[in-house]
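Hi,

Have a look at it first, then read on.

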Amino acid sequence: MSTKVLMELSLLEAAHLTDLVEQFAGLLDDTSAPDGGSPEPDDPAILRLVPDAYRTDAEAADEFRRLTQGDLLARRRDDAAVVLETLQRDGAPLRPADIDRIDAETPLIVELDAASVSAWLRTLTSVRLVLATRLGITDDDTHDDDDPRFGVYDWLGFRLAGLLQALEN
């Protein structure tokens, strides 16, 4: 992709997305072992981010996870950092607490190059997977339209679809 992708978010959306991605980055930071290695994840959301490579061979799956988990989670941390960097306004992250002093509907135009788009796609997908795990979403029947947390899950899907559509054009 040689062209840039421009994505428009309201400042309110950017502030809440910043909060979500910071929470996600914190979750990933909690998976780091003090010695720089990768501990065995016991959080179902982290396990969802490092799925089994061999469903029928537990020993091979454990070995594969042991060898790849650290790098995969490190890439997810790096991707989250790219998203957070691109969400900054005037060199500072937007926070939900900032909304009282700014016009929440003011647009924030985020310009993404190919590497940034990839980081955004991976991060939004990862945050959505974590949220799905936390909410117990396994299929369309486990979606509760009356619970606002499911609205966040849907909004992340909307943003993912928008990025993918921009890449097709």
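Helix H1 (residues 11-29) and helix H3 (residues 58-86) have axes that come within 10 Å and cross at roughly 155°. Helices here are DSSP runs of H or I with at least four residues, numbered from the N terminus, while axes are lines fitted to C-alpha atoms over the stretch in contact, with angles running from 0 to 180 degrees between N-to-C directions. H1 and H3 are therefore roughly antiparallel (angles over 145 degrees count as such, and 65 to 115 as roughly perpendicular). The crossing of H1 past H3 is left-handed, that is, the near helix is turned anticlockwise from the far one by less than a right angle. On the H1 side the contact (heavy atoms within 4.5 Å) includes Thr18, Val21 and Phe24, and on the H3 side Leu73, Arg76 and Ala80 are among the residues. By class, this contact has 8 nonpolar, 1 polar and 4 charged residues (Ala, Val, Leu, Ile, Met, Phe, Trp, Tyr, Cys and Pro count as nonpolar, Asp, Glu, Lys and Arg as charged, and the others, Gly among them, as polar).

A word on provenance: this is a predicted model, in which local features need pLDDT of at least 70 and side-chain atom pairs count only at pLDDT 80 or more, whereas totals for chains, interfaces and linings use all residues. Residues are numbered from 1 along each chain as its sequence is written, and side-chain values use heavy atoms, with hydrogens and water left out.

The axes of H3 and H4 come within 8 Å and cross at roughly 110°, so H3 and H4 are roughly perpendicular. This crossing is left-handed. Arg75, Asp79 and Val83 are among the H3 residues here, and those of H4 include Ser116, Trp120 and Thr123. The contact divides into 5 nonpolar, 4 polar and 4 charged residues.

H4 passes H5 in a left-handed crossing. Val117, Leu121 and Leu124 are among the H4 residues in contact, and Phe150, Tyr153 and Leu160 are among those of H5. Of the residues in the contact, 16 are nonpolar, 2 polar and 3 charged.

Finally, the largest pocket holds about 340 Å³ of space. Of the 13 residues that line the largest pocket, Leu20, Gln23, Val127, Val130 and Leu131 are the closest to its centre. (A pocket is an open set of points on a 1 Å grid over the protein atoms alone where a 1.4 Å probe fits, with protein on both sides within 12 Å along at least five of seven lines; lining residues have an atom within 4 Å of a point. The lining has 8 nonpolar, 2 polar and 3 charged residues.

Best wishes

Terms used: Helix = DSSP H or I, 4+ residues; strand = E, 2+ residues; numbered from the N terminus. Parallel < 35°, antiparallel > 145°, perpendicular 65-115°, else oblique. Points joined across faces, edges and corners; volume = space filled by probe spheres on them.
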